[in-house]
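Hello,

Here is the structure I promised to pass on. Please open it first, then read my notes below.

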There are 2 protein chains.
Amino acid sequence: MVTIKDVAKAAGVSSSTVSRTINNSPSISSKTKEKVIKEIKRLNFSPNSMAKGLINNKSYTVTLLVDVDDEKSFQNPFFYEIMHGIERLVYKKEFSLIVANLNTTMKKQSVLEWLVKAKRTEGVILPSSILNSKLVDELKKDGVPFVSIGEPTNLKESVSWVDIDNKKGTEMATYSLLDKGYENIAFLGLDKTKLFSKRRYDGYMNAILESKQEVINVECGNSKDDGYHNMKKLLNGPVIPDAVICADNIISIGVIRAIQEAGLSIPEDIGIISFDNQQIAELSYPTITTVNVDVYELGYQSAKLLFELIENPQTRYQGLLISTKIEERESTIKNK
Amino acid sequence: MVTIKDVAKAAGVSSSTVSRTINNSPSISSKTKEKVIKEIKRLNFSPNSMAKGLINNKSYTVTLLVDVDDEKSFQNPFFYEIMHGIERLVYKKEFSLIVANLNTTMKKQSVLEWLVKAKRTEGVILPSSILNSKLVDELKKDGVPFVSIGEPTNLKESVSWVDIDNKKGTEMATYSLLDKGYENIAFLGLDKTKLFSKRRYDGYMNAILESKQEVINVECGNSKDDGYHNMKKLLNGPVIPDAVICADNIISIGVIRAIQEAGLSIPEDIGIISFDNQQIAELSYPTITTVNVDVYELGYQSAKLLFELIENPQTRYQGLLISTKIEERESTIKNK
DNA sequence: TTGTAGGCGTTATCAC
DNA sequence: GTGATAACGCCTACAA
């Protein structure tokens, strides 16, 4: 293993000079600097991250905490993109990204304790679904900066978080449907136990009331069967909508099925807008217009907030909303 | 920060005694050991991982390398489960799991170099799609153990890898269809550029030839449109199959569409078996019978192989195949 | 069985 | 601008 001493010897300088070169110290002549850099390259030297960390008491490491056993924790398709966004910034900062599972069984302690107390990590990003007051207390007590992905609920403390602007998303979706000429727009899939679902409903409500239209609201779960059965009911009901906004992407699969079985056509008779799950939206017949959710950006911004907290612990906690965009596909008509 | 010295002072022993206690040294009286452990707990002490790493020249860290920009690298839905399998073993070994992207831009060097040379990681797990001879050379030169997820292709060197037993999977699927009474079984979606696709075809071939049936093979890409158009062609062709095995899960969505448009019923007229993508298989109407692929196990076994290499660098390279299981859903009939 | 001392590779603090 | 030296927290001979 080639160390700073080897480089120093080879370049005929002291190890401090090599250290200064590595760390871009201003007080060093460009001549020796050049010489040292040359030797560093020749010897293929990289500073040992642990020795450096020991001195500075830093691990140069950030943790993405998940709960694999909790379905709400991170949806499979979203996780990869979120991680990608995080990774981009983390490595730009010359940190490493650790991924850990909240409920991993370790000998004596919890993973989180293990990561935090042994100085293995300097900050944590975690989904709001696993964030409760107890966890917040622990993290704050240990002085580890953290950022929640998703706006937390039922929390007394204030924390930093990043979320999709769900409300604005459905608001835009509703207006977009109205613009196209749809007149009876239903919202299907409100689940009051879920914040994102409520937010999406709020956006829909806003736009509907603002436009003096009638609210058609169907509360239900988020499986394809929920979508199917509730759409069926709606089609037999007093007011048949000519457009449906689905709170959650899976629901829309069942909704489409119900509409097609009733002999109605999409998007002519009934238009559909759902929330982003690109793969499903594009696999369906017809493909589904969605409120596009930029989860890469979600990840990137969460990392950005985290680094602000790491670099300056005095930073105030803040909430950040990522804007959405409507991606037109076959389930909505261009002009009615 | 509480160090080994604080514990030593509190317990009235030397720091070496504390160190010995932590590391379960045999030469220590159970009495002092007890005393020390008590203080460790009271003071809430955890050994600093970097100081320990510096001594042993170990990082206690394993890296999962991906290429987020390469679609073949890891399918979204698979990644999470694979990672879960890896994570399980990694933390059991009291290591951390780093996730890094091959093409992350760092100032001077590649992430991999950065991770390896600065002693940030002790082993690497990576998808076969990004593994080429150049990368193998680099990894071997640096002496980092690594395991490929997926059987590598076009590699002169021998390496350790884990893969799904694709061949056996389609073989079982074919026999299962024959058992149910299907007689003209087609294989749709052979892509000769992909090893897993070829393996799946081989399994189908084996079973068909063994059973003295006729081979119906359609080569095509793996989009839903490929599935749709090629199934349509098949339905207009001389021999209409009464069962289809799809090489890839997305294809089956198009295949189903084509069959339904032709007014035929699934599974009565035509049965379908595809490969695992649980979400898609269950969202479809009808739900799709799949060859179930245990990607958690894939991840777990890759980590196991990696640790064998880390703990004993003399370990021989080996390839490991994970068996599959057929998950019956609506797209195949019970008895024809 | 326990304690002392030296060192892992780096950086910060002094001198020069 | 540069070099010696002492840390950082832990482990491991070696000594007792």
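This is a predicted model: local features need pLDDT of at least 70, side-chain atom pairs count only at pLDDT 80 or more; totals for chains, interfaces and linings use all residues.

**How the chains relate**

Start with the overall arrangement. Two copies of a chain are related by a rotation about an axis and a shift along it.

Chain A has an open sheet of 6 strands with mixed pairing. The order is β7-β6-β8-β9-β10-β12. β7 (216-219) and β12 (325-327) of chain A stand at the edges. Each has a single partner strand, so one side of each is left without a neighbour in the sheet. From one strand to the next, the twist averages 20 degrees.

At one end, β10 (residues 289-292) of chain A runs antiparallel to β12(A), and 3 bridges join them. A:Thr290 has A:Glu327 as its bridge partner in β12(A).

Two helices are worth a look here. Helix α9 (residues 195-210) of chain A lies across β6 (185-190), β7, β8 (243-246) and β9 (271-275) of chain A. Helix α9 runs at about 165 degrees to β6(A). Helix α10 (residues 224-236) of chain A also packs on the sheet, touching β6, β7 and β8 of chain A. The direction of helix α10 makes about 145 degrees with that of β6(A).

**The sheet in chain B**

Chain B has an open sheet of 6 strands, with the order β7-β6-β8-β9-β10-β12 and mixed pairing. The edge strands are β7 (216-219) and β12 (325-327) of chain B, and each pairs on one side only. Inside the sheet, look at β8 (residues 243-246) and β9 (residues 271-275) of chain B: they run parallel and are joined by 3 bridges. B:Ala243 has B:Gly271 as its bridge partner in β9(B). Helix α10 (residues 224-236) of chain B packs on the sheet and touches β6 (185-190), β7 and β8 of chain B.

**Cavities**

How many cavities of 30 Å³ or more does the whole structure hold? The search finds 6. Of the 24 residues that line the largest cavity, the closest to its centre are A:Met50, A:Ser59, A:Thr61, B:Ser59 and B:Thr61. α4 (49-56) and β2 (96-101) of chain A, together with α4 (49-56) and β2 (96-101) of chain B, each supply at least two residues of that lining. By class, the lining has 9 nonpolar, 8 polar and 7 charged residues.

**Backbone details**

Most residues other than glycine have a negative phi, and most peptide bonds are trans. These spots depart from that:

- B:Ile266 and B:Pro267 are joined by a cis peptide bond, with omega about 5 degrees. B:Pro267 is in the loop between α11 (249-261) and β9 of chain B.
- B:Tyr285 and B:Pro286 are joined by a cis peptide bond, with omega about -5 degrees. B:Pro286 lies in the loop between α12 (278-283) and β10 (289-292) of chain B.
- A:Lys119 has a positive phi, near 65 degrees. A:Lys119 is in the loop between α6 (111-117) and β3 (123-127) of chain A.

Best wishes

Methods. Residues are numbered from 1 along each chain as its sequence is written. Chains are lettered from A and ligands numbered from 1 in the order in which they are written. Side-chain values use heavy atoms; hydrogens and water are left out. On a 1 Å grid over the protein atoms alone, a cavity is a set of points where a 1.4 Å probe fits but cannot get out, and a pocket is an open set with protein on both sides within 12 Å along at least five of seven lines; lining residues have an atom within 4 Å of a point. Grid points are joined across faces, edges and corners, and a volume is the space filled by probe spheres set on the points. Helices (H or I, at least four residues) and strands (E, at least two) are DSSP runs, numbered from the N terminus. Ala, Val, Leu, Ile, Met, Phe, Trp, Tyr, Cys and Pro count as nonpolar, Asp, Glu, Lys and Arg as charged, and the others, Gly among them, as polar. Two strands pair if DSSP finds at least two bridges between them. Contact means heavy atoms within 4.5 Å. Axes are lines fitted to C-alpha atoms, for helices over the stretch in contact, and angles run from 0 to 180 degrees between N-to-C directions.
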